[in-house]
Amino acid sequence: MTDISKTIQKWHASFKKGTDFDSWGQLVEAIDEYQILARRLQKEVQSSNSSDISEDQKKTLGKIATCLELRSAALQSTHSQDEFKLEDLKKLEPIIKNILTYKKDFPFDVQPVPLRKILAPGEEENLELEEEDDGGAGAGSPDSFPIRVPGTLLPRLPSEPGMTLLTIKIEKIGLKDAGQCIDPYITVSVKDLNGIDLNPVQDTPVASRKEDTYIHFNVDVEIQKHLEKLPKGAAIFFEFKHYKPKKRFTSTKCFAFMEMDEIKSGPIVIEL
């Protein structure tokens, strides 16, 4: 399977995951997934290194990104009339799945998201935070978080002869606007090449403290599958989430992942 085929598989898996969340009424998770996928498609549209995707196909990907943003906005709106509906979005599944061979007209009269610089993690969030009132929640808050969320961390697996248990200690994350993040936590998941979860998804408790540009967690996450049982191509994903009082939902600010060949004893720094 070529690299572009694997990438398209991941796009399709992410699209399906988002629409599944949407249909189940898990709106926060659906919004997060739609926004992550829209960002990935936008990055592909702006890439000058991709010779596998034609300019027309990039335009189609850009239009899909627009529809994802429209659906995400609809889920956050109190006015449901004339909003972009889930059944409309589902019409795009065969397009994203078969983007290399799709030749028909796009089903909706939308334009690709205007080309813009791909912002570093946190830059888009800063633009929104600057619009909030200075007295908003999180501004000038103390170094320690007053509220603790228990999280959904799972216990260590029983040991088995010849099998390796994997414990990941999340120490801290560095962000330039760390002090403005409200109730931050990290969602840890293990996914295969198609983006399918291999283990139960785990959430850390809300961070223990923040210091300068760092948010400290200092928690151990027990991966719920022995290392030898993880399939080739699997990866461990870390999604940093925080609460947005103005929009009244929890948002994924940035994410990172670690592939199997990166797993080793000792400290490791993962780029966001």
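Student: How many helices and strands are there in the protein?

Tutor: Elements here are DSSP runs numbered from the N terminus, with helices being H or I of at least four residues and strands being E of at least two. By that rule the protein has 6 helices and 7 strands, and along the sequence they follow the pattern α-α-α-α-α-α-β-β-β-β-β-β-β. Keep in mind that this is a predicted model, where local features need pLDDT of at least 70, side-chain atom pairs count only at pLDDT 80 or more, and totals for chains, interfaces and linings use all residues. Residues are numbered from 1 along each chain as its sequence is written, and side-chain values use heavy atoms, with hydrogens and water left out.

Student: How should I read a pair of packed helices, and at what angle do helix 1 and helix 2 cross?

Tutor: Two packed helices are described by the angle between their axes and the distance between those axes. Axes are lines fitted to C-alpha atoms, for helices over the stretch in contact, and the angle between N-to-C directions runs from 0 to 180 degrees. Here helix 1 (residues 3-24) and helix 2 (residues 27-46) cross at roughly 155 degrees, and their axes come within 8 Å. Helix 1 is therefore roughly antiparallel to helix 2, a label for angles over 145 degrees.

Student: Is the crossing of helix 1 and helix 2 left-handed or right-handed?

Tutor: A crossing is left-handed if the near helix is turned anticlockwise from the far one by less than a right angle, and right-handed if clockwise. The crossing of helix 1 and helix 2 is left-handed.

Student: Which residues make the contact?

Tutor: Contact means heavy atoms within 4.5 Å. Helix 1 contributes W11, S14, F15, K17, G18, T19, F21 and D22, while helix 2 contributes L27, E29, A30, E33, Y34, L37, R40, L41 and E44. These residues divide into 8 nonpolar, 3 polar and 6 charged, where Ala, Val, Leu, Ile, Met, Phe, Trp, Tyr, Cys and Pro count as nonpolar, Asp, Glu, Lys and Arg as charged, and the others, Gly among them, as polar.

Student: Where is K43, and is K43 buried or exposed?

Tutor: Buried means under 20% relative accessible area, exposed over 50%, and partly exposed in between, using a 1.4 Å probe and protein chains only. K43 sits in helix 2 and counts as exposed because its relative accessibility is 54%. S47, in the loop between helix 2 and helix 3 (55-75), is partly exposed at 23%. Across the protein, buried residues make up 41% of the 272 residues.

Technical notes:
Parallel < 35°, antiparallel > 145°, perpendicular 65-115°, else oblique.
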